[in-house]
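This briefing is intended to be read alongside the sequence and the three-dimensional structure. The points are grouped by topic.

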Amino acid sequence: MSDAAHAHDDHGHGHPTGIMRWLTTTNHKDIGSLYLWFALIMLFVAGTMALLIRAELFQPGLQLTNPDFFNQLTTMHGLIMIFGVIMPAFSGFANWQVPLMLGAPDMAFPRMNNWAFWILPVAALLLMVSFWLPGGAVAGGWTMYPPLFIQGGISYDLTILAVHIMGLSSIMGSINIITTILNMRAPGLTLMKMPLFVWTWLITAYLLIATMPVLAGAVTMLLTDRNFGTHFFNAAGGGDPVMFQHIFWFFAHPEVYILILPAFGIVSQVIPTFARKPLFGYASMVYATASIAILSFIVWAHHMFTVGMPAAAQLFFMFSTMLIAVPTGVKVFNWVATMWKGSMTFETPMLFAIAFVCLFTIGGFSGLVLAIAPVDIQLHDTYYVVAHFHYVLVSGALFSIFAGIYYWLPKWTGHMYNETLGKWHFWLSVIGMNIVFFPMHFLGLAGMPRRIPDYALQFTEFNQIATVGAFIFGFSQLIFLAVVLKTIKGGAKASDQVWEGAQGLEWTLPSPAPYHTFETAPVVK
Amino acid sequence: MKGKWQRVGVMGAALAFSQVTLAEYAYNLQAPASQVAQDVFQLHNLIMLVCLGIFVVVFGAMFYSLLKHRKSVGHQAAHFHENTTVEVIWTVIPFLILMGMAYPAAKVVIDMKDTTNPDMTIKITGYQWKWGYDYLNDDISFYSNLATPREQIVGSAEKGEHYLLEVDEPMVVPVGKRVRLLITANDVLHAWWVPALGAKQDAIPGFIRDSWFKADKIGTYRGQCVELCGKDHGFMPIVVEVVSEEDYAAWVAKKKGSAQAAAADNAKSFAIAELVERGEKVYQANCAACHQADGKGLPGVFPAISGSVVATGPMAAHIDIVMNGKPGTAMAAFAGQLSDADIAAVVTYQRNAWDNKMGDLAQPAEIAAARGGNASEAAAPAAQ
């Protein structure tokens with residue numbers, strides 16, 4: 001069959017249209033878009049919950065919520081932001097970009113790819129519907145610690161089911177990504193020539209396959225403790241509630257890196273492009289990513305310094321945790337060295353990437369503070385921890401997602417986004433984000449516990465500042481929605497190269513990238 | 001609003017001055033009142049200083065680069081992309097800095113974990129949602145409930161100075177004594193924390209973990225439960241009063257006196273009006289958080305007592321559920337928490353309040369009988 005014949009069957013041959021096109025699609029670009037839209041919708045759902053939380057915390061006393069509903073909001077905000085926003089968004093990037101960056105025609109298992117996405121909305125539905133069930137949504141914290149988690153109603157069982165489904169989706173997605181990367185690279189594209197985004201996703205996918213079954217095991221034990229009379233986590237039956245925490249964090253610490261490694265990848269694509277200079281220390285970036293991933297399996301109990309471990313265990317987990325600062329530092333130094341003596345311009349993707357480097361590092365520093373076990377014992381379960389993980393996940397993971405969207409959207413849609421609106425989105429986000437989360441460091445240091453709907457009077461001022469920031473940050477995301485919609489509809493025609501300094505196979509394609517690409521593999525020298 | 005912004009400005013100014021000022025404006029870790037808390041405070045200062053130094057160097061370089069190495073000022077891109085020497089240096093130097101931090105941190109860890117040679121031992125039990133204290137050396141036991149009135153929380157009354165950080169019965173300890181804490185929980189996870197004393201330990205049902213502190217200064221220190229434990233997680237504060245040794249001895253004598261009075265109550269017979277009056281207080285302290293002051297509960301979460309089958313049914317079943325709880329739910333077993341007289345009073349109150357007009361009453365002797373004459377066993381945390 002000739003290439004010309006291929007070029008004509010893009011949308012032909014009775015492919016379904018309308019909703020059926022999206023339900024049955026096996027095209028990596030369609031599925032990538034589905035993941036990204038799903039993440040965007042969930043961002044607004046869980047973001048609304050965050051604004052309700054911040055509105056309640058604007059002043060001491062109970063105003064808008066009762067304590068039980070407040071706990072439902074914090075729990076669901078956490079679960080949805082992690083499993084419904086950050087992870088699907090990165091999967092969306094992987095689906096769009098991995099084949100384009102490798103010169104592959106599609107993902108290795110297109111039908112499994114379709115399934116991996118379409119079971120996600122089912123899981124989201126199970127979670128969301130529980131708000132309207134007797135007893136309301138799950139309120140035991142996203143960490144699902146027993147015995148509290150054993151006490152809840154039907155929505156707790158639905159949450160366990162939803163977590164299973166989301167885990168299944170992640171595992172299928174990961175198998176697909178690993179197989180695609182290992183088997184479908186263009187001739188000449190050796191592993192050590194792959195774009196860093198592909199490398200970080202390869203390592204992330206291994207982390208997912210290694211840890212998702214652990215989470216599945218943990219929540220299955222919760223399920224049987226709740227419904228079938230087992231006593232895995234019940235001391236009265238010979239079990240141990242702390243065992244759940246060990247199993248959970250053995251999953252959830254690598255999960256933290258699942259949420260940040262693809263972000264490292266995106267930033268490592270964006271910074272060289274706008275510095276017009278190759279990434280500094282490519283090989284050390286790959287090794288640093290791999291070391292972070294490996295270390296992530298031996299640090300889990302630093303989330304549990306207050307459960308009362310022996311001193312030797314505390315010391316081990318303190319030292320191993322501190323060690324992670326070394327490869328993470330290498331990454332930050334490499335990004336700064338990439339900018340050094342470049343020829344920088346500051347389009348929106350670059351702005352978000354620079355903010356990422358700076359603010360993620362603040363999250364890294366507070367992580368280092370928390371790694372020191374005696375200090376962690378003072379700060380554990382306070383707002384200091386809330387500040388820490390939001391610096392890592394909002395100005396880290398979420399900002400990298402924004403950077404990636406602005407960076408690749410012209411390639412995906414064929415239109416340039418509106419740079420003025422993009423800059424408004426950036427500045428309002430970065431200012432709003434710091435107003436929300438920086439004061440939380442002070443709240444935590446001063447002794448405000450997390451997950452409380454009401455607080456003592458000395459915490460009032462910083463909570464009010466944080467709430468003002470939250471509304472600035474939350475509402476400025478509507479600008480992002482507007483930019484995305486406008487760019488899809490129209491806008492200045494994007495060139496194939498899009499960015500002057502962009503390197504890589506995806507930029508050799510026309511903008512927008514055709515429905516089928518690289519049906520003949522390109523050759524990489 | 002203006003006043004608040006002024007305070008923010010003051011806080012900013014305070015940053016430049018003393019740590020004492022900082023503590024007043026809730027900016028930094030609370031002023032330490034024990035050696036461990038002091039060590040943690042200094043450790044935190046040290047790490048913050050190191051982080052600040054690194055931040056200034058790294059981001060000084062980055063912002064210099066952002067200003068000078070931009071296309072708009074005509075800077076041409078260099079093409080270097082690796083340098084082994086530099087990469088080795090910035091791997092090794094952070095490693096050495098971390099070693100420098102790890103050493104003092106490890107010393108504090110070992111000190112914090114050393115719970116040997118205590119002067120006294122207190123067992124602390126977390127309940128949904130209050131704390132129980134058992135002084136093992138002095139044979140004193142009591143519960144400590146939030147003392148902030150409901151009206152302040154819902155906003156119908158002015159909030160007091162120690163809003164949400166005040167209790168009816170504080171934990172009292174003598175100054176300068178090594179206090180060993182044995183911490184556990186009755187139902188779900190809790191965590192006992194008093195920041196100024198530098199002691200935080202999760203309370204785990206079925207397991208006992210220990211911690212310790214030695215308070216240096218006489219004073220009142222406040223903390224909260226810091227492990228999510230359900231609806232009223234935000235409403236179970238901790239207050240520790242550190243007093244002189246003489247004051248402590250006086251407090252012990254007073255507590256023993258009131259324990260004898262409570263024991264005498266268990267042997268008495270009460271009129272229904274007395275029981276209802278006493279029972280209302282017990283209800284407010286122990287039951288109203290879930291079942292609500294109006295006895296209507298929270299639909300779907302906590303059942304109503306007003307008009308319920310239990311409170312309008314046979315007396316024995318009613319006493320049983322109050323004493324032994326309902327496994328698998330948030331309904332705790334109160335046999336170990338309340339005296340015979342208090343259980344009799346609260347049951348009588350529940351049967352004669354709101355829509356319930358049973359007109360019957362329970363006497364302390366019936367509760368003692370329900371305990372099967374073995375009060376010490378019944379007082380153990382309820383297991384299934």
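There are 18 helices and zero strands in chain A. The model is predicted, and the values below are computed from it.

**Overall form of chain A**
- The radius of gyration of chain A is 23 Å, which agrees with the value near 24 Å that a compact globule of 525 residues would have.
- Of the 525 residues in chain A, 61% are buried.
- When contacts in chain A between residues at least 6 apart in sequence are considered, 82% of them join residues at least 24 apart.

**Thr230 of chain A**
- Thr230(A) lies in the loop between helix H8 (196-227) and helix H9 (241-258) of chain A.
- Thr230(A) counts as partly exposed because it has 16 C-beta neighbours inside 10 Å; a residue would need 20 or more to be buried, and 12 or fewer to be exposed.
- Leaving aside residues up to four places away in sequence, Thr230(A) touches Thr224(A) and Asp225(A).

**The sheet in chain B**
- Strands of a sheet pair through backbone hydrogen bonds, in either a parallel or an antiparallel sense.
- In chain B, five strands form an open sheet with mixed pairing, in the order E3-E2-E1-E5-E8.
- Strand E3 (140-144) and strand E8 (209-214) of chain B are the edge strands, each pairing on one side only.
- On average, neighbouring strands of this sheet are turned by 25° against each other, with direction ignored.
- Strand E5 (residues 178-185) of chain B pairs with E8(B) in the antiparallel sense, over six bridges.
- Ile183(B) stands opposite Arg209(B), a residue of E8(B).

**Contact between chains A and B**
- Chain B contributes 84 residues to the contact, and chain A contributes 78 residues.
- On the side of chain B that touches chain A, at least two residues each come from helix H1 (2-15), helix H3 (35-68), helix H4 (84-113), helix H5 (150-154) and strand E7 (199-203) of chain B.
- H4(B) gives the most to this side, with 15 residues.
- By class, the side of chain B that touches chain A comprises 47 nonpolar, 21 polar and 16 charged residues.

Technical notes. Residues are numbered from 1 along each chain as its sequence is written. Chains are lettered from A and ligands numbered from 1 in the order in which they are written. This is a predicted model: local features need pLDDT of at least 70, side-chain atom pairs count only at pLDDT 80 or more; totals for chains, interfaces and linings use all residues. Two residues are in contact if their C-beta atoms, placed from the backbone, lie within 7 Å. Helices (H or I, at least four residues) and strands (E, at least two) are DSSP runs, numbered from the N terminus. Ala, Val, Leu, Ile, Met, Phe, Trp, Tyr, Cys and Pro count as nonpolar, Asp, Glu, Lys and Arg as charged, and the others, Gly among them, as polar. The radius of gyration is taken over C-alpha atoms; the globule rule is 2.2 Å times the number of residues to the power 0.38. Two strands pair if DSSP finds at least two bridges between them. Axes are lines fitted to C-alpha atoms, for helices over the stretch in contact, and angles run from 0 to 180 degrees between N-to-C directions.
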